[in-house]
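Student: I like to see every term set against its definition, so please walk me through this model.
Tutor: Gladly; here are the sequence and the structure.

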Amino acid sequence: MQKNMDMMKSFGVLFGLLHDVDFECYPEEHCKKAQELLKEIDASEELIHAVCSHGYGICSDVEPKHEMEKILFATDELTGLIWAAAKMRPSKSTKDMELSSLKKKFKDKKFAAGCSRDIIKKGAELLGWELDKLLEETLEAMKNVENSVEKEMIK
Ligand SMILES: [Fe+2]
(Lines give C-alpha, C1' and ligand atoms only; values in the text may rest on other atoms or scores of the structure.)
Protein backbone atom coordinates (compact mmCIF):
# COMPACT_ATOMS: atom_id res chain seq x y z
CA MET A 1 0.00 0.00 0.00
CA GLN A 2 2.77 2.45 0.96
CA LYS A 3 4.70 1.49 -2.19
CA ASN A 4 1.62 2.30 -4.31
CA MET A 5 1.19 5.66 -2.55
CA ASP A 6 4.86 6.48 -3.13
CA MET A 7 4.55 5.51 -6.82
CA MET A 8 1.45 7.70 -7.22
CA LYS A 9 3.24 10.59 -5.55
CA SER A 10 6.25 10.18 -7.86
CA PHE A 11 3.95 9.96 -10.87
CA GLY A 12 2.18 13.11 -9.72
CA VAL A 13 5.46 15.01 -9.36
CA LEU A 14 6.62 13.84 -12.80
CA PHE A 15 3.28 14.73 -14.33
CA GLY A 16 3.35 18.15 -12.67
CA LEU A 17 6.87 18.85 -13.88
CA LEU A 18 6.23 17.69 -17.45
CA HIS A 19 2.72 18.98 -18.11
CA ASP A 20 3.96 21.99 -20.13
CA VAL A 21 6.89 20.14 -21.74
CA ASP A 22 5.96 21.38 -25.22
CA PHE A 23 4.71 24.86 -24.39
CA GLU A 24 7.87 26.95 -24.67
CA CYS A 25 9.07 25.58 -28.03
CA TYR A 26 5.72 24.61 -29.55
CA PRO A 27 3.02 26.90 -28.09
CA GLU A 28 0.80 26.41 -31.15
CA GLU A 29 0.93 22.64 -30.68
CA HIS A 30 0.54 22.62 -26.90
CA CYS A 31 -0.68 19.26 -25.58
CA LYS A 32 -0.19 17.73 -29.03
CA LYS A 33 3.58 17.99 -29.48
CA ALA A 34 3.92 16.71 -25.90
CA GLN A 35 2.69 13.31 -27.06
CA GLU A 36 5.48 13.07 -29.63
CA LEU A 37 8.17 14.38 -27.27
CA LEU A 38 7.17 12.01 -24.49
CA LYS A 39 7.06 9.01 -26.84
CA GLU A 40 10.66 9.80 -27.81
CA ILE A 41 11.71 9.21 -24.20
CA ASP A 42 9.55 6.07 -23.89
CA ALA A 43 7.18 7.69 -21.43
CA SER A 44 4.27 5.51 -20.39
CA GLU A 45 0.84 5.89 -21.99
CA GLU A 46 -0.48 6.91 -18.56
CA LEU A 47 1.98 9.78 -18.35
CA ILE A 48 1.23 10.91 -21.92
CA HIS A 49 -2.52 10.81 -21.21
CA ALA A 50 -2.06 12.75 -18.00
CA VAL A 51 0.07 15.45 -19.65
CA CYS A 52 -2.22 15.87 -22.67
CA SER A 53 -5.42 15.94 -20.61
CA HIS A 54 -4.59 19.20 -18.83
CA GLY A 55 -5.51 21.10 -21.99
CA TYR A 56 -8.86 19.34 -22.43
CA GLY A 57 -11.31 21.44 -24.42
CA ILE A 58 -8.67 24.12 -25.02
CA CYS A 59 -5.90 22.53 -27.04
CA SER A 60 -6.56 18.83 -26.47
CA ASP A 61 -9.43 16.40 -26.79
CA VAL A 62 -7.92 14.06 -24.18
CA GLU A 63 -10.35 14.07 -21.26
CA PRO A 64 -8.98 14.02 -17.71
CA LYS A 65 -10.01 10.68 -16.17
CA HIS A 66 -7.82 10.15 -13.10
CA GLU A 67 -8.42 12.43 -10.09
CA MET A 68 -4.86 13.75 -10.37
CA GLU A 69 -5.51 14.75 -13.99
CA LYS A 70 -8.73 16.50 -13.01
CA ILE A 71 -6.92 18.39 -10.27
CA LEU A 72 -4.27 19.67 -12.68
CA PHE A 73 -6.94 20.59 -15.22
CA ALA A 74 -8.86 22.52 -12.55
CA THR A 75 -5.88 24.22 -10.93
CA ASP A 76 -3.69 25.13 -13.91
CA GLU A 77 -5.73 28.29 -14.55
CA LEU A 78 -6.72 28.77 -10.91
CA THR A 79 -3.17 28.91 -9.56
CA GLY A 80 -2.45 31.68 -12.08
CA LEU A 81 -5.45 33.63 -10.81
CA ILE A 82 -4.48 33.11 -7.17
CA TRP A 83 -0.90 34.14 -7.78
CA ALA A 84 -2.03 37.27 -9.68
CA ALA A 85 -4.26 38.12 -6.69
CA ALA A 86 -1.38 37.52 -4.26
CA LYS A 87 0.88 39.90 -6.18
CA MET A 88 -1.73 42.67 -5.75
CA ARG A 89 -1.63 42.34 -1.95
CA PRO A 90 0.66 44.42 0.29
CA SER A 91 2.24 41.17 1.52
CA LYS A 92 2.71 39.90 -2.08
CA SER A 93 1.75 36.54 -0.61
CA THR A 94 -1.06 33.98 -0.52
CA LYS A 95 -0.50 33.37 3.18
CA ASP A 96 -2.78 36.14 4.42
CA MET A 97 -5.35 35.77 1.65
CA GLU A 98 -8.88 34.91 2.72
CA LEU A 99 -11.21 32.76 0.66
CA SER A 100 -13.66 35.69 0.48
CA SER A 101 -10.98 37.84 -1.14
CA LEU A 102 -10.23 35.13 -3.69
CA LYS A 103 -13.93 34.74 -4.46
CA LYS A 104 -14.18 38.47 -5.20
CA LYS A 105 -11.22 38.25 -7.59
CA PHE A 106 -12.77 35.19 -9.21
CA LYS A 107 -16.05 37.05 -9.83
CA ASP A 108 -14.27 40.12 -11.22
CA LYS A 109 -14.00 39.14 -14.88
CA LYS A 110 -11.58 42.01 -15.60
CA PHE A 111 -9.08 40.74 -13.02
CA ALA A 112 -6.56 38.27 -14.52
CA ALA A 113 -8.85 37.99 -17.52
CA GLY A 114 -6.53 35.42 -19.11
CA CYS A 115 -7.38 32.91 -16.38
CA SER A 116 -10.50 31.22 -17.68
CA ARG A 117 -13.24 31.04 -15.07
CA ASP A 118 -15.11 28.60 -17.31
CA ILE A 119 -12.18 26.16 -17.27
CA ILE A 120 -11.90 26.47 -13.48
CA LYS A 121 -15.64 25.81 -13.09
CA LYS A 122 -15.43 22.88 -15.48
CA GLY A 123 -12.53 21.50 -13.43
CA ALA A 124 -14.60 21.67 -10.25
CA GLU A 125 -17.44 19.94 -12.09
CA LEU A 126 -15.13 17.15 -13.35
CA LEU A 127 -13.93 16.61 -9.78
CA GLY A 128 -17.50 16.63 -8.48
CA TRP A 129 -16.53 19.47 -6.11
CA GLU A 130 -18.31 22.70 -5.30
CA LEU A 131 -16.40 25.66 -6.74
CA ASP A 132 -15.77 26.99 -3.21
CA LYS A 133 -14.07 23.73 -2.24
CA LEU A 134 -11.77 23.95 -5.25
CA LEU A 135 -10.91 27.60 -4.50
CA GLU A 136 -10.30 26.89 -0.81
CA GLU A 137 -8.23 23.74 -1.27
CA THR A 138 -6.10 25.30 -4.00
CA LEU A 139 -5.51 28.45 -1.94
CA GLU A 140 -4.53 26.35 1.10
CA ALA A 141 -2.18 24.21 -1.00
CA MET A 142 -0.50 27.32 -2.39
CA LYS A 143 -0.11 28.76 1.13
CA ASN A 144 1.50 25.51 2.24
CA VAL A 145 4.11 25.44 -0.54
CA GLU A 146 4.82 29.15 -0.93
CA ASN A 147 7.97 29.13 1.23
CA SER A 148 9.47 26.08 -0.46
CA VAL A 149 8.66 27.42 -3.96
CA GLU A 150 10.32 30.75 -3.05
CA LYS A 151 13.43 28.91 -1.83
CA GLU A 152 13.65 26.99 -5.11
CA MET A 153 13.17 30.18 -7.15
CA ILE A 154 16.09 31.89 -5.37
CA LYS A 155 18.54 29.08 -6.16
FE1 LIG B 1 -0.38 23.87 -20.26
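Tutor: Let us begin with axes: they are lines fitted to C-alpha atoms, for helices over the stretch in contact, and angles run from 0 to 180 degrees between N-to-C directions. Helices themselves are DSSP runs of H or I with at least four residues, strands are E runs of at least two, and both are numbered from the N terminus. Please remember that this is a predicted model, in which local features need pLDDT of at least 70 and side-chain atom pairs count only at pLDDT 80 or more, while totals for chains, interfaces and linings use all residues. Residue numbers start from 1 along each chain as its sequence is written.

Student: At what angle do α5 and α7 pack, and how far apart are their axes?
Tutor: The angle is about 115°, and the axes are 10 Å apart.

Student: What makes the way α5 passes α7 a left-handed or right-handed crossing?
Tutor: A crossing is left-handed if the near helix is turned anticlockwise from the far one by less than a right angle, and right-handed if clockwise. For α5 passing α7, the crossing is right-handed.

Student: Which residues of α5 and α7 meet there?
Tutor: On the α5 side they are Leu99, Leu102, Lys103 and Phe106, and on the α7 side Leu135, Glu136 and Leu139. Being in contact requires C-beta atoms, placed from the backbone, within 7 Å. For classes, Ala, Val, Leu, Ile, Met, Phe, Trp, Tyr, Cys and Pro count as nonpolar, Asp, Glu, Lys and Arg as charged, and the others, Gly among them, as polar. By that scheme the contact of α5 with α7 has five nonpolar, two charged and no polar residues.

Student: Is Ala112 buried or exposed, and why?
Tutor: Ala112 is buried because 20 other C-beta atoms lie within 10 Å. This residue also has a positive phi, near 45°, and sits in the loop between α5 and α6 (117-127).

Student: And what makes His66 buried, exposed or partly exposed?
Tutor: With 16 other C-beta atoms within 10 Å, His66 falls in between, so it is partly exposed. His66 lies in the loop between α3 and α4. Its C-alpha atom is 9.7 Å from that of Glu46, 20 residues away along the chain.

Student: How is the protein divided into domains?
Tutor: Domain 1 covers 1-63 and domain 2 covers 66-155, with bounds from an automatic or database domain assignment. Their centres, taken over C-alpha atoms, are 21 Å apart. Ten residues of domain 1 are in contact with eight of domain 2.

Student: What is the largest nonpolar core, and which residues have the most contacts inside it?
Tutor: A nonpolar core is a set of buried Ala, Val, Leu, Ile, Met, Phe, Trp, Tyr and Cys residues joined through C-beta atoms within 7 Å. The largest one has 27 residues, and the most contacts inside it belong to Val51, Ala74, Leu78, Leu81, Ile82 and Leu102. Its largest share, nine residues, comes from α4.

Student: Why is this core said to lie between domain 1 and domain 2?
Tutor: Both domains give residues to this core, so it lies between them.

Technical notes:
Contact = placed C-beta atoms within 7 Å. Buried ≥ 20, exposed ≤ 12 C-beta atoms within 10 Å, placed from the backbone.
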